[in-house]
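Please have the sequence and the model open while reading.

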Amino acid sequence: MKDNIIDMTEGNPVKLLISFSIPMLIGNLFQQVYNLADSVIVGQLVGSAALASIGTTTSISFFFFALCNGIASGGGIITSQFFGQKDDNKVKNCITNTGYIMIIFPLVVGTASFFLAGPILHVLNTPKNIFNDAKGYLKILCIGLLFVSLYNYASSMLRALGDSKTPLYCLIFTCVLNIILDVIFVKYFCMGVKGAGWATIISQFLSAALCLFLAFKKNPYFKFEKINLRINHEIIRQTIKIGVPLSFQFSMIAISCMALQAVVNGFGDTTVAAFTATSRIEQIIHLPYQTLSAALSTFCGQNYGAKKIDRAILGYKKAMLLMGIFTLVMFPIIQLGGESIIRFFVKKNEVDVIKMGATALKITSLFYLFLGTIYMVRGILYGVGDAFFSMLNGIVEVFGRFTAPFILTKIPFIGLWGIWWSVGFVWSIAGLTAWWRYIIVKRRIKKQHETKA
């Protein structure tokens, strides 16, 4: 596994970003199969109402996961900076101390979220005919919160060290298992939505266990001595300093998504099913942006730690170019092939859902460039440890999603299409705000670097 560790402070930035991103992209695609398998199998075998019951829980489960995953991401950022400094002891200390947090915190959040599942679904005006299925599915996901968090912790640490391959190997195995269990539980055991939930958390448990096992067995940075196991208050402070704002950002985005989901629920089952299908598709669209952003974050974190500021900025510019190329490729595919894509998620005779979903995709695809900008700026700012951006980004998302859908859907000639126009609006203001923040941080860091030099 030592061969998988990549030092990004030397070599061609484009080659490094692509070589690091590809395994992570494949891994994230497999990770999405968890939710996609649930949606496709339940939608095809049970029906659109069951699909809607899964869809209405997406933003809520994301909120619970976000509270924990920000800490893992914060620990990964600090680890990548120590790695860039070539300080092996601090790298190991960061791995262990982040691990302590990632065991305790998910247990607390998971317990609370299990009991809050029903009340939150009530607040979101979840349709009565899908409420019980949604509640059961969500509670099962809450039980598996620790497993998701441990996998994200392990993968964050490995990626901070330049290893994006090990998490991929774990996900390929467990993703195939998830599909098999979905079919068994839903089709043959007739467990419906709950069966899909149990299939998901069993797979997530194995994913976390396998990733941690491989890390401890083969990665030299996971070979600890007694001194590495001690609680390091300074590292915990740094991890929390970056991780908490990240958790805040992720949770604020999740809350804003719940606000949007409440609007969607008010338009009935057909709209909920169409929104669920388009959301699943957009999760896939996000992945290339997301993986390139994560690669950029590691690249910038290592180079920032090595005090190579100009190289970090060069990496950002190259990432923006790659993002623009992907956007140009995806736009015509979504515009022309929307109906064919939506058909993967619902039965062929559910024509209303298919047509609504296809039109919705045409709307949101107009704003992909802004979406990509958010992710690229996020990559460099996370890499240099800009905690304020996390809060700023979360506030912008909350403001947009709490206002835009309520206003746009009330306009007669827009109506329910305001749901998807609001998504594009939020991407736009968040993208412009992110770019503005990047300009400020770049000037500040370069000035600090020049002063120290």
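Two residues are taken to be in contact when heavy atoms lie within 4.5 Å of each other. The model discussed here is a predicted one. Under that definition, and leaving aside neighbours within four places in sequence, Ile255 is in contact with Phe63 and Phe402. Ile255 belongs to helix 10, which covers residues 233-265, and its relative accessible area of 25% makes Ile255 partly exposed, since the partly exposed class lies between under 20% for buried and over 50% for exposed. Ile255 and Gly110 are separated by 145 residues in sequence, while their C-alpha atoms are 17 Å apart in space.

| Helix pair | Axis distance | Angle |
|---|---|---|
| Helix 3 (residues 58-84) and helix 6 (residues 145-160) | 8 Å | about 20° |
| Helix 12 (residues 309-342) and helix 14 (residues 368-383) | within 9 Å | roughly 155° |

With axes 8 Å apart and an angle of about 20°, helix 3 is roughly parallel to helix 6, because angles under 35 degrees fall into that class. The crossing of helix 3 and helix 6 is right-handed. On the helix 3 side the contact includes Phe64, Phe65, Cys68 and Phe83, and these and other residues of helix 3 meet a set in helix 6 that includes Leu145, Val148, Tyr153 and Met157. Sorted by class, the residues of this contact between helix 3 and helix 6 comprise 10 nonpolar, 9 polar and no charged.

For helix 12 and helix 14, whose axes cross at roughly 155°, the arrangement is therefore roughly antiparallel, as angles over 145 degrees are counted in this way. The crossing of helix 12 and helix 14 is likewise right-handed. Among the residues making the contact are Ala312, Tyr316, Met320 and Ile334 of helix 12, together with Tyr368, Gly372, Met376 and Ile380 of helix 14. The contact of helix 12 with helix 14 has 12 nonpolar, 3 polar and no charged residues.

Helix 7 (residues 165-188) can be checked for its length: at 1.5 Å a residue its 24 residues should span 34 Å, and its end C-alpha atoms are 34 Å apart, so the two values agree. The buried residues of helix 7 include Thr166, Leu168, Leu171, Asn178, Asp182 and Phe185. After helix 7 comes Cys190, which has a positive phi near 55°.

How values were computed. Residues numbered from 1 in each chain as written. Predicted model: local features only at pLDDT ≥ 70, side-chain atom pairs only at ≥ 80, totals over all residues. Heavy atoms only, no water. Axes fitted to C-alpha atoms, helices over the stretch in contact; angles between N-to-C directions. Helix = DSSP H or I, 4+ residues; strand = E, 2+ residues; numbered from the N terminus. Parallel < 35°, antiparallel > 145°, perpendicular 65-115°, else oblique. Left-handed = near helix turned anticlockwise from the far one by under 90°. Nonpolar A, V, L, I, M, F, W, Y, C, P; charged D, E, K, R; others polar. Expected span 1.5 Å × (residues − 1). Buried < 20%, exposed > 50% of the residue type's maximum accessible area, 1.4 Å probe, protein only.
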